[in-house]
Amino acid sequence: MTLATATPKRPRPVKRRTSAGDGERRLLDHGAWFLVLPALIPILVLSVGPLLYGIALAFTDAQSGRTEPTRWIGTLNFQDLLHDTLFWDSFRIGLLWAVGVTVPQFLLGLGLALLLNQPLRLRWLARALAIIPWAMPEVVVGIMWRLVYNPDAGILNETIRDLGLGDGRDWLSGLATALPAVMVVGVWAGMPQTTVALLAGLQNTPRELHEAAAMDGAGAWRRFRTVTWPAIRPVALAITALNFIWNFNSFALVYVLTNGGPGGRTRLPMLFAYEEAFRYGQFGYAAAMGCVMVAVISIVLAFHLVGRLRRGGDA
Amino acid sequence: MRTGRAARTGQYAALLAYLVFLAFPFLWLVSTAFKPARELGSLHPTWIPKDPTLDNFRQAFDEQPLLQAALNSLVAALGAAVVAVLIATPMAYVMARHRTTLSRMATGWVVVSQAFPFVLVIIPLFLVLKNLRLINSMPGLIMVYVVWALPFALWMLVGYVRAVPAELEEAAAVDGAGKLRTLVSVTAPLLAPGIVATALFAFITAWNEFFFALVLLKTPEKQTLPVVLTHFIGAEGVADLGPLAAAAFLATLPSLVVFAVIQKRITGGMLAGAVKS
């Protein structure tokens, strides 16, 4: 498995500033530039550059289709943002959504990974089906669930009626139901990836360890705590942090399912910033929103790194 | 290991619930796509169409320029996949074989780029591409897709290069082969399956992508499949369910087929990347 080979334990080379000709100190080996430049130039021009430009835009009054030149306005955008209750509403919804999707993704994903690690019939089918949510375009996932949630022609309400649980409702338009309904879709879309990653982690755990622990009389929970969890912890931490970031930044699902409605109850920060930039043309203001989002994500990443360092950096 | 009968039953119940949860929305999509209009209007929808029809597919192609959109998606995805792999492979080789400052910085960029909210990148990109007159154009979109696919492509490729034993290259050098000769005749063939998997993955990511396409492509004849699909949903959120389902079903097939082929390799690549970060 790649897992084992991809994390070679190497002593981190100590940077030295003295002896010339030390390959470790050099930016790049001689002659390797022509191998690196074709990728490096687009990265700098189309990724690093725009990111810095984007941060700079947050301090300007840039707007689309305006004739006057763009001016530096300092932190005015951020001051406005501080008082923009709509933005903070969307920010709260974004955090709620990210947590409300990431946590079930992880818990259900872990449960399923443990399940699929057992010698069960039909587990091949579960793995085959897991491809559907994983490979589907997000737009199609959104469309598909609109068909499921459709108040009249959808299968969800029909099932509720068949079971005699009432008439069902218009899930995506209800003020109380819209966000939970969209969260279910988020979990559906991201769970297989989490499951498969954790499953691959589990399969790298030596079976003998389990058997030895069982022989010593350890119960299922003890075996999980002492053998399984330490083995899959690095994968679990990584996939959870990534899921959180992806979920916080998600756009297409909500755009298709509710377009932020009803009454802004599902307006995620990305949707808000998109509208601000490309519907109202407020480039500078939208860039400031982007900066605030980056700050939040950096905090998550920082926690993630601290979690890693605490383990002595062997993750 | 022994497992009690009750526990086994519970396990199968959980597995069944998972299978139902995974499969039912997709089955419903397929069912809706093949239902005639009058069945879709009925108050008691059924799982299996009583009178399956291809009308929805015909109507979908009539309502929106689906063929053109599929062609646009194909061009964007192929372009992105080919260019991304062509420029990522040499760089991944350097990152895997030489531990230099640049390799470490590139690895850092790969990690950080996962965290960008696209909105912070798309506004400046939009302005730059507008000045270059590359808005509403395939080359502009492909450029964005290449950079967007690069982190993961590098991630996967570095893993594949590491899996090729450096001793093989050294042996070839001892036998008198030059550096380029070694790369072409020893390393490249061993890397080929990994390169293909990476290219296919880049293809799917671009095929499925929505946000950049939505912002950068303005006119219907230039738009890609995901963007055109959203046109089936009207301004008030009212949709013609049959054609919508039919078009959505068609748009998914290529991704599903390609993904089924490379899924194992992606899991490996993803893990290698995730654990290293």
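User: What should I know about the numbering and the cut-offs first?

Analyst: Residues are numbered from 1 along each chain as its sequence is written, and chains are lettered from A in the order in which they are written. The model is predicted, so local features need pLDDT of at least 70, side-chain atom pairs count only at pLDDT 80 or more, and totals for chains, interfaces and linings use all residues; side-chain values use heavy atoms, with hydrogens and water left out.

User: How much area do chain B and chain A bury between them?

Analyst: The size of an interface is often given as the accessible area lost when the parts come together. Buried area here is that loss with a 1.4 Å probe, summed over both parts. Chain B and chain A bury about 9100 Å², with 79% of it on carbon and sulfur atoms.

User: How many residues does each chain bring to the contact?

Analyst: Contact means heavy atoms within 4.5 Å. Chain A brings 107 residues and chain B brings 86 residues.

User: Where is B:T252, and is it buried or exposed?

Analyst: B:T252 is found in helix α12 of chain B. Buried means under 20% relative accessible area, exposed over 50%, and partly exposed in between (1.4 Å probe, protein chains only). B:T252 has a relative accessible area of 0%, so it is buried. Leaving out residues up to four places away in sequence, B:T252 touches A:M136, A:P137 and A:V140.

User: How do I read an aromatic pair?

Analyst: A pair of aromatic rings is described by the distance of the centres and the angle of the planes. Rings of Phe, Tyr and Trp (its six-membered ring) pair if their centres lie within 6.5 Å; planes under 30 degrees apart are stacked, over 60 edge-to-face, and the rest tilted. The whole structure holds 38 aromatic pairs over all chains. One of them is A:Y274 with A:F278, a tilted pair at 5.9 Å centre to centre and 35° between the planes. Both residues lie in helix α13 (residues 269-278) of chain A, 4 residues apart, about one turn of the helix. A:Y274 is buried at 12% relative accessibility, whereas A:F278 is partly exposed at 22%.

User: Which residues form one aromatic cluster with A:Y274 and A:F278?

Analyst: The cluster includes A:F251, A:Y255 and A:F283, and from chain B, among them, B:F118, B:W148 and B:F210.

How values were computed:
Buried area is the accessible area (1.4 Å probe) that two parts lose on being put together, summed over both. Helices (H or I, at least four residues) and strands (E, at least two) are DSSP runs, numbered from the N terminus.
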